[in-house]
Structure formats: structure tokens, C-alpha cells
Amino acid sequence: MSGIFGGLSPQLSELTAAGKAWSLAGDLAGPIFTGGRLKGQYNAALAQRDQARITFEKAVTQAFGEVSTSLSAHQQLANAYREQMFSVEAYRESVRLSSIRYDSGLSSYLEILEAQIQCFPPRVRP
């Protein structure tokens, strides 16, 4: 009888005490049995970290490559522009000298026209 005067019978008390012992044993053994799960989660977290690092390194390498390509293209464009400016100056000087020769009577006006035509070379279409 377990309900006499609102108390527990001794048999039921022993059974409950034994249940508490098993519960305590289960609580202590719980981390032992979850150790494999925790180790798996740890290994998964390490793999995710390594994957994120590799993705980051790939992005940084790609960015450096794009910057390098852009800088190279910019430098080539600047060199081409500088060469064109030298060429324009040379053609202008040619026209100036042709004009002096014409004014001095040493050449015909055709020489001036040829020098001016060279200032504006035909446009090459792609």
C-alpha cells in the first residue's frame, strides 16, 4: 500500500531510490555515449572552417589576378597613348617644316598636303 496517510510505502521508496540511481548513472554515461556525436560535430566544424578558408583564399587569389590584369591593361593603354602623342607631335613638326620649305620656295604645296594627310591616317575598322 502506498497511499496510507499520504506517505509512501517502503517498497515504493526503494524502487524510486533505485530509479534515481539509474537516472544518475544514465546522466553520467550520457556524455560517454554522445562523445562520438561530439567528435563528429567537431570534425564537421573543422571541415567547414577549412572549406571557408579555401573559398576565401580562392576569392583573394582571383581578386589579385583581376587587379593585375587591369593594371597591365592600364599600363599598355598609357604606353599606346604616349606613343600616339609622340607620333602626333612628329607629324605636326613635319607639317611645320613643310610649310617653312614651301614659304622659302624649296618645295611645292603638295609636300604640305602630304604632311597634313599623314597627320590623319586612315582609320582601320575592326
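Helix α2 (residues 109-119) supplies the largest share of a nonpolar surface patch, namely 3 residues; helices here are DSSP runs of H or I, at least four residues long, numbered from the N terminus. The model is a predicted one, with local features needing pLDDT of at least 70 and side-chain atom pairs counting only at pLDDT 80 or more, while totals for chains, interfaces and linings use all residues. Residues are numbered from 1 along each chain as its sequence is written, and side-chain values use heavy atoms, leaving out hydrogens and water.

The structure holds 1 aromatic pair, and Tyr102 and Tyr109 form an edge-to-face one, 5.3 Å centre to centre with 70 degrees between the planes (centres within 6.5 Å; planes over 60 degrees apart for edge-to-face). Tyr109 sits in helix α2 and is partly exposed at 41% relative accessible area; Tyr102 is partly exposed too, at 37% (buried is under 20%, exposed over 50%, partly exposed in between, with a 1.4 Å probe and protein chains only).

Then there is Ser98, placed in helix α1 (residues 10-103). Ser98 is buried, at 5% relative accessibility. Setting aside neighbours within four places in sequence, Ser98 touches Ser107, Glu111, Ile112 and Ala115 (contact means heavy atoms within 4.5 Å).

Methods:
Helices (H or I, at least four residues) and strands (E, at least two) are DSSP runs, numbered from the N terminus. Rings of Phe, Tyr and Trp (its six-membered ring) pair if their centres lie within 6.5 Å; planes under 30 degrees apart count as stacked, over 60 as edge-to-face and the rest as tilted.
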